[in-house]
Amino acid sequence: MTMRANKFLAAVLAIFLAAAAILPLPAAAQEAAVEVEYRDDITVNHPYYVEQLPGGNLLMTRVGHLSPAVVEVTPAGQEVWSYQGVQAAAARRLANGNTLIADSGAPGRPFVPRVIEVNPAGRVVWEYRLPSPARAPRYAQRLSGGNTLITLPYQIIEVTPDKRVVWSYGWGRPVPPGTPGHLANPVQAVRLPNGHTLIVDQGFTGGRVLEIDAKKQVVWQVGDGTYGPHPAIQKAAPDATGNNEDQNGKTIVPGRDGATASTTAATEKVRLKRPTGAVRLPNGNTLIADTGTSTLLEVSPDRQIISSWSWRGALAGLPVMNQWLVTPLDQSRVIVPLTLTSSKSRVLVVTSPALLPYGAGFAAPN
């Protein structure tokens with residue numbers, strides 16, 4: 001090797017080490033660790049949505065062309081409860097021990113989309129049917145007063161126990177972006193303690209998380225339904241190894257629009273590629289799992305990113321075909337359902353040792 005080449009390599013190495021020392025990077029992908037790993041060798045369906053129950057068991061929806069179900073398994077893989085024959089987009093365990101299921105309606109009887117409450121014996125104790133597959137529910141939350149908040153493809157509705165719709169947001173059909181009440185592809189809506197509704201709209205070309213008040217006004221939002229290179233910076237998309245760099249080699253903080261690590265939070269705009277879950281913390285911040293970038297963001301009420309870390313490192317060595325609805329557990333943990341190229345599945349609870357939870361814990365919405 002020539003002396004000129006040696007000098008060039010030495011200069012490159014010096015620049016790299018200096019950058020690593022001064023750039024305020026988020027928690028690195030390789031810092032993520034797997035706290036729980038559930039392995040599922042079934043290849044005819046996959047875990048789409050998963051909730052970790054207080055005792056550590058996993059309540060998951062298995063969707064696919066054969067044997068769809070909602071199942072509860074121990075971390076070791078033992079099945080302890082199931083409700084068969086539903087293509088469920090989400091299932092939540094209620095405080096009374098029953099399970100609230102958002103069922104798309106196929107292939108099991110009665111072949112219609114519905115939200116059902118099932119008791120531990122497997123009996124349906126409450127049911128709300130939707131008129132067509134175009135209204136198949138994506139998520140449901142039982143509210144403290146007994147009503148049920150249901151996420152539909154283009155609309156959020158609140159239904160009483162006697163099945164009356166008493167509140168809604170959205171058109172129930174596609175409308176142009178920018179139209180008041182526009183929802184592109186919502187996957188979760190939860191009612192907040194202040195009476196507002198937090199909606200995760202994963203979109204198709206980028207997503208957003210928005211808060212709606214009782215009068216259906218947007219009072220808070222991050223993301224705008226688009227995701228792509230900033231026109232001034234033209235950053236590159238993250239590659240399979242977790243590399244985030246623009247064309248000049250500057251590191252890009254996940255979730256920030258056109259932001260290198262030196263950009264101040266006050267001038268940044270949060271962009272979301274494919275958000276799939278959000279939780280409002282007691283301190284007013286919002287956790288957002290952006291599955292499109294494998295990043296957990298904590299965003300303040302004034303839309304600044306407080307922290308971010310990637311769970312991509314926990315997937316290293318796994319031939320991942322799809323990540324499904326990733327949801328936050330707390331500031332340092334996410335639950336990741338995924339399918340491998342072999343069609344076998346994994347459910348991972350991934351934690352970031354470099355980012356411990358701060359503040360009090362929170363109760364996940366029922």
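Leaving aside neighbours within four places in sequence, valine 209 is in contact with Leu198, Ile199, Val200, Trp220, Gln221, Val222, Leu272, Pro275, Ala278 and Ile288. The model under discussion is predicted.

**Nonpolar cores**

- The largest nonpolar core comprises 19 residues, and Leu198, Val209, Val222, Leu272 and Ile288 have the most contacts inside it.
- Two or more residues of this core come from each of the strands S14 (186-191), S15 (197-201), S17 (218-222) and S20 (295-299).
- Another core, of 16 residues, lies apart from the largest one; Leu281, Trp311, Val334 and Leu340 are among its members.

**Strand S24 and its burial**

- Strand S24 spans residues 333-340 and is mostly covered, with seven of its eight residues buried.

**Partners of strand S24**

- Strand S22 (residues 320-323) pairs with S24 in the antiparallel sense over three bridges. Within this pairing, threonine 339 in S24 is the bridge partner of asparagine 322.
- Strand S23 (residues 327-330) also pairs with S24 in the antiparallel sense, over three bridges. Here threonine 327 stands opposite isoleucine 335 in S24.
- Two residues lie between S23 and S24, and the two strands form a hairpin.
- Strand S25 (residues 345-351) pairs with S24 in the antiparallel sense over seven bridges. Proline 337 stands opposite valine 347 in S25.
- S24 and S25 likewise form a hairpin, with four residues between them, and serine 343 in the turn has a positive phi of about 75°.

Notes:
Residues are numbered from 1 along each chain as its sequence is written. This is a predicted model: local features need pLDDT of at least 70, side-chain atom pairs count only at pLDDT 80 or more; totals for chains, interfaces and linings use all residues. Side-chain values use heavy atoms; hydrogens and water are left out. Buried means under 20% relative accessible area, exposed over 50%, partly exposed in between (1.4 Å probe, protein chains only). Two strands pair if DSSP finds at least two bridges between them. A nonpolar core is a set of buried Ala, Val, Leu, Ile, Met, Phe, Trp, Tyr and Cys residues joined through side-chain atoms within 4.5 Å. Contact means heavy atoms within 4.5 Å.
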